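Please have a look at the sequence and the model before I go on.

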Amino acid sequence: MADPNLRDPVVNSPEYERVAASLARQGMMQHLQVRLLRAERGLVELALPYGDKVTQQQDGFHGGAMGALADIAGGYAGLTMAPEGMEVVTVEYKINFLSSYQGGEIRAIGRVVKAGKRVIVTTAEVDHVDAQGKVSPCAVMQQTLAPVPKTY
């Protein structure tokens with residue numbers, strides 16, 4: 001589960017800089033105001049604030065928003081393991097939605113399970129953090145990534 005009392009991110013690490021630069025290029029993530037909280041080899045944590053852009057009809061976080069955050073967190077965890085000059089793309093993911101919450105933010109922690117030359121397997125846990133810091137699980141995901149050449 002996400003730790004609401006995270007230490008300050010190490011912003012001068014190569015992993016953090018690589019993920020931050022890629023995240024800044026993602027229009028959808030910028031539109032949704034996704035923040036990078038942590039990036040280290042094999043692990044990335046992101047946060048998505050509650051707002052009208054990410055809700056479903058009952059005003060809880062939309063499953064699509066949870067899925068997108070999990071996909072990006074897992075993908076960036078995989079990116080930290082990919083060789084320089086390579087990016088990663090999602091081949092597939094499977095997600096289980098556990099619950100939806102209102103207010104606060106959701107956080108996704110992506111972790112690499114196994115990084116191979118052709119396939120990278122990750123997991124992500126999505127948790128809700130309310131205004132008082134209470135953490136509640138929202139979703140769990142398993143993902144397969146493929147390394148591809150960086151084209152920009």
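This is a predicted model: local features need pLDDT of at least 70, side-chain atom pairs count only at pLDDT 80 or more; totals for chains, interfaces and linings use all residues.

Of the 17 residues of H3, 15 are buried, so this helix is largely enclosed by the rest of the structure; buried here means under 20% relative accessible area, exposed means over 50%, and partly exposed is anything in between, with a 1.4 Å probe and protein chains only. Residues are numbered from 1 along each chain as its sequence is written, and side-chain values use heavy atoms, with hydrogens and water left out.

Helix H3 covers residues 63–79, and at 1.5 Å a residue it should span 24 Å, which agrees with the 24 Å between its end C-alpha atoms; the expected span is 1.5 Å times one less than the number of residues.

Stepping back, the protein chain has 3 helices and 6 strands, in the order α-α-β-β-α-β-β-β-β from the N terminus on, where helices (H or I, at least four residues) and strands (E, at least two) are DSSP runs numbered from the N terminus. For 152 residues a compact globule would have a radius of gyration near 15 Å, and the chain has 15 Å, which agrees; the radius is taken over C-alpha atoms, and the globule rule is 2.2 Å times the number of residues to the power 0.38. Buried residues make up 45% of the 152 residues. Taking contact to mean heavy atoms within 4.5 Å, among contacts between residues at least 6 apart in sequence, 66% join residues at least 24 apart.

Now to helix H1, residues 14–24, whose buried residues are Tyr16, Arg18, Val19, Ser22 and Leu23. Seen down the axis of H1, these fall within an arc of 165 degrees, so they line one face of the helix, the arc being that of the directions from the helix axis to the C-beta atoms. The buried residues of H1 pack against H2, S1, S2, H3 and strand S3 (86–97), whereas the face turned away from the buried side carries the exposed residues Pro14 and Ala24.

Which side-chain partner does threonine 144 have in a polar contact? Threonine 144, in strand S6 (residues 135–149), is buried at a relative accessible area of 17%, and a polar contact of 2.7 Å joins its side chain to that of glutamate 92. By polar contact I mean a pair of N or O atoms within 3.5 Å, where within protein one must be able to donate a hydrogen and the other to accept it, and residues adjacent in sequence count only if both atoms are side-chain atoms.

Glutamine 33, in the loop between helix H2 (27–31) and S1, has a positive phi of about 65 degrees although it is not a glycine, and glutamine 33 is exposed, with a relative accessible area of 52%. Aspartate 59, in the loop between strand S2 (43–49) and H3, has a positive phi of about 75 degrees, again without being a glycine, and at 42% relative accessibility aspartate 59 counts as partly exposed.
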